[in-house]
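I opened my notebook to look up a few spots in this structure. The entries below follow the order in which I went through them.

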Amino acid sequence: MFTDGPATPIRLEVLLDVLLYYPKGIDRKTIYGLLQPSSLSEGNYQKVKDTIGASLQLGLTEEQYSTIKISDIYDSNKSIKHNILTCFDTKVLSNTDIEYFFALFFAYYLGLNKKSYKILWSSRIDWSNEFNKDVFNNEHQLNRFNDTKHTGMDRWLSYVGLGWYDQSGQFQANPYDRILRSLDQIFGKESKLSGDEFIYNIGRNCPELDSGKLFLQANN
């Protein structure tokens with residue numbers, strides 16, 4: 001949903017903002033009309049359908065009899081973005097159940113280190129081919145990571161705190177914000193950690209980062 005479809009962070013924020021005003025939920029067709037009026041959709045509501053799908057996959061909403069409402073796990077004391085990031089950390093960055101390639105591709109990109117500059121200006125197709133070859137030995141033939149999925153990732157990478165885009169539009173990996181919001185889990189009850197302990201705990205709590213299981217899978 002976060003690589004294949006047109007769901008974007010802003011669309012998801014708008015959907016949740018609307019639903020917060022209706023605690024009992026809103027019928028799907030009503031949401032279609034609110035977020036993608038017929039004058040703009042021409043009968044194709046794919047963008048809002050994918051946005052609803054993203055909210056359901058993250059666990060931020062739930063659906064019953066075509067009625068969409070905010071889920072019980074949503075923390076109304078926190079901002080919309082905080083709720084999205086919390087669920088994204090758990091559902092997308094920490095495992096591959098929802099998005100098989102998202103965390104793995106970022107881990108691969110991060111693991112290239114300076115080598116990434118050698119292919120930084122390559123096309124998305126080249127990036128995808130290198131990833132499929134290095135991580136999967138080209139074993140995934142039916143559902144391969146491709147340039148379309150890469151484009152979908154670009155909608156989310158900066159938003160979820162994994163890096164930034166330079167003046168040329170190239171993504172620069174820097175998961176500062178991702179680590180920052182994980183510090184409570186990384187330190188636990190400790191106030192000080194050795195360098196080795198810190199890195200180990202980062203990998204345990206953020207498995208797509210250095211020493212984490214997804215990082216090691218992507219950089220074997």
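This is a predicted model: local features need pLDDT of at least 70, side-chain atom pairs count only at pLDDT 80 or more; totals for chains, interfaces and linings use all residues.

**Entry 1: L157.** Leaving aside neighbours within four places in sequence, I found L157 in contact with F102, F106, L162, G163, Y165 and F171. I placed L157 in the loop between α8 and β4 (163-165). Is L157 buried or exposed? Its relative accessibility is 3%, so I noted L157 as buried. I also checked L157 against Q46: they are 111 residues apart in sequence, and their C-alpha atoms are 22 Å apart in space.

**Entry 2: D154.** Next I turned to D154, which sits in helix α8. With a cut-off of under 20% for buried, D154 counts as buried because its relative accessibility is 19%. Again leaving aside neighbours within four places in sequence, I found D154 in contact with R124 and Y165. Y165 was already in my notes as a contact of L157.

**Entry 3: helix α7.** I then looked up α7, residues 124-136. The buried residues of α7 are W127, S128, F131, N132, V135 and F136. They cover an arc of only 130° around the axis, so they lie on the same side of α7. For the background I reminded myself that an α-helix has 3.6 residues a turn, so residues three or four places apart point the same way. Among the elements covering the buried residues of α7, I listed α6 (102-112), α8 (147-154) and α12 (213-218).

**Entry 4: after α7.** What follows α7? I found N137 there, with a positive phi near 55°. Most residues other than glycine have a negative phi, and that made me stop at this spot. N137 is not a glycine, and it belongs to the loop between α7 and α8. At 56% relative accessibility, N137 counts as exposed. N138 lies in the loop between α7 and α8 as well, and has a positive phi of about 60° although it is not a glycine. I noted N138 as partly exposed because its relative accessibility is 31%.

**Entry 5: helix α2.** Then I went to α2, residues 28-35, and wrote down its buried residues: R28, I31 and Y32. Looking down the axis of α2, I saw these fall within an arc of 105°, so they line one face of the helix. What covers them includes α1 (9-19), β1 (26-27), α4 (46-57), β2 (61-64) and β3 (67-70). At the start of α2, I found a side-chain oxygen of D27 within 2.9 Å of the backbone nitrogen of K29.

**Entry 6: the largest pocket.** I finished with the open space. How much space lies in the largest pocket? I noted about 280 Å³. The lining has 14 residues, and the closest to the pocket's centre are T86, D89, R181, S182 and Q185. The elements that give two or more residues to this lining are α5 (80-93) and α10 (183-187). Which element gives the most? I have α5 down for that, with 6 residues.

Notes. Residues are numbered from 1 along each chain as its sequence is written. Side-chain values use heavy atoms; hydrogens and water are left out. Buried means under 20% relative accessible area, exposed over 50%, partly exposed in between (1.4 Å probe, protein chains only). Helices (H or I, at least four residues) and strands (E, at least two) are DSSP runs, numbered from the N terminus. The arc is that of the directions from the helix axis to the C-beta atoms. Contact means heavy atoms within 4.5 Å. A polar contact is a pair of N or O atoms within 3.5 Å; within protein, one must be able to donate a hydrogen and the other to accept it, and residues adjacent in sequence count only if both atoms are side-chain atoms. The expected span of a helix is 1.5 Å times one less than its number of residues. On a 1 Å grid over the protein atoms alone, a cavity is a set of points where a 1.4 Å probe fits but cannot get out, and a pocket is an open set with protein on both sides within 12 Å along at least five of seven lines; lining residues have an atom within 4 Å of a point. Grid points are joined across faces, edges and corners, and a volume is the space filled by probe spheres set on the points.
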